[in-house]
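Q: I have a structure open and want to learn how to read it. Can you take me through some features, one at a time?

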Amino acid sequence: MALRLGLMLADGASATIVFLLVSLVRFGDGQWLAIWQGFGVDIRLAAVLFGIGWVVALWYHGLYRLRARWRLQTEALDILRATIVVVALALSALFVLKQVDVSRLFLLTLFVVQPLVAFAGRATLRAGFGRLRRRGYNVRFMLVVGSGRLAQDFADRVERRGVLGIRVIGHVSVPGESPRVVTRPIVGVVDDIATIFHSIIVDEVAVCLEHGSAAYLEPVIRLAADEGKTVRVPIDPLGGALAGASEEEFEGMVIRSLAHDGQRELGFAVKRLIDLGGAMIGLVLLSPLLLGVAVWMRLGDGPPVLFRQTRIGLHGRPFTIYKFRTMVPDAEDRLDEVAHLNERSAVAFKATNDPRITRLGRTLRRSSIDELPQLWNVLVGQMSLAGSSRGRSRRCSEARDADGRAICRRPPRPPSPRFADKGCRIG
């Protein structure tokens, strides 16, 4: 998300700068400001509006779905389409405002230079990520739905292209397929795909189905969309276009890609800005309180001050969450002593008068001050102040953490899809 937001800001800034530089070169130093004033236009406002319009056009064409395209040529075509949209909007605005005397050479230069700058930026970004991925960084994990020849061929071609940074973790078998020919592990069956999404890290889903299993395409895509996965469909078995998909050639195959985790760039950008601003302001304003609590705990209860625990984040990736310690350091070792106080029958442990909670810890819990270090998790993008990325709250299965409190180890599991032999629906 931070990369996507940074790319949007960079595109807007570069478009603004290009607009000003082209004006300077075209009209000359000392005259360019006067010429724009003669049009009755503030050049600074015009440049900013051009930058905003450029970003909106790129967003509309999905150019901030950073993993949607595998080939630079495909991205170049989308930049060209976005340029055509910006040209049409600019000419329409000039016509409505009756600014027919604007230099045609200026417009031509602007609409040639700006797409080239955008293309060069993305080519540089791709080259940098390509080098990182060849070294094993920025790896993405792909689950292949299907276990036939198409699934095997596609997985082989993907992993041969190290620049993609994709690792195939296994296959999901589907009824109606030919005998299995895949050499990678079968991690489950299609009925259990929702559970698989929450038990292993899955960033992308490749749906490689034969004609006999084509009815499973739509429900798998719908479920992957709900989970925010990028979907790849080589040789669409239904023979038709997929709504919202980008299409490109890859290793002799036609690939249709749906990047569900990047379809709401503006919403994600606003959400991330809220998180960044809220976390930074919170950490600055609350720093005296955080420091005071840390010193108090260190002097009164001794180390450690912070409690650390691994939680499950986006697409099943683990991260370390931070909070102030509210129990004695050996709370986990003393669990058997308080097992009879458990008020719950599930895996979570909860006791109203747990003797392992320190006196300071009880105060911190009542005031929720023990949760404030999680602002750091928000700042680095591991958690959010603005709620679920899909805009709805979700219940989660509870488990007991080492500090004795109920937690959610991973996102809730949606109902497992029930695939009928024919018709194929999620029920």
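**Reading the model**

A: Start with a loop: Gln382 sits between helix H13 (374–379) and strand E10 (398–400). Helices (H or I, at least four residues) and strands (E, at least two) are DSSP runs, numbered from the N terminus. This is a predicted model, where local features need pLDDT of at least 70, side-chain atom pairs count only at pLDDT 80 or more, and totals for chains, interfaces and linings use all residues. Residues are numbered from 1 along each chain as its sequence is written, and side-chain values use heavy atoms, leaving out hydrogens and water.

Q: Is Gln382 buried, exposed or partly exposed?

A: Buried means under 20% relative accessible area, exposed over 50%, and partly exposed in between (1.4 Å probe, protein chains only). Gln382 has 35% relative accessibility, so it counts as partly exposed. Its C-alpha atom is 7.1 Å from that of Phe319, 63 residues apart along the chain.

Q: Which residues of H10 are buried?

A: First, the general idea. An α-helix has 3.6 residues a turn, so residues three or four places apart point the same way. In H10 (residues 287–300), the buried residues are Leu290, Val293 and Met297. They cover an arc of only 65° around the axis, so they lie on the same side of H10. That arc is taken from the directions from the helix axis to the C-beta atoms. On the other side of H10, Pro288, Leu291, Trp296 and Leu299 are exposed.

Q: Which side chains of strand E6 point to the buried face?

A: Side chains alternate along E6 (residues 246–250). Ser246, Glu248 and Phe250 point to one face and are buried. Two strands pair if DSSP finds at least two bridges between them. Glu248 has Ile255 as its bridge partner in E7.

Q: How many salt bridges are found in the whole structure?

A: Side chains of opposite charge can pair when their charged atoms come close. A salt bridge needs a side-chain nitrogen of Lys or Arg within 4 Å of a carboxyl oxygen of Asp or Glu. The search finds 9. One of them joins Asp11 and Arg122, with the closest N and O atoms 3.1 Å apart. This pair links distant parts of the chain: Asp11 is in helix H1 (residues 2–27) and Arg122 in helix H5 (residues 104–134), 111 residues apart. Both Asp11 and Arg122 are buried. A network of salt bridges links Asp11, Glu75, Arg122 and Arg126.
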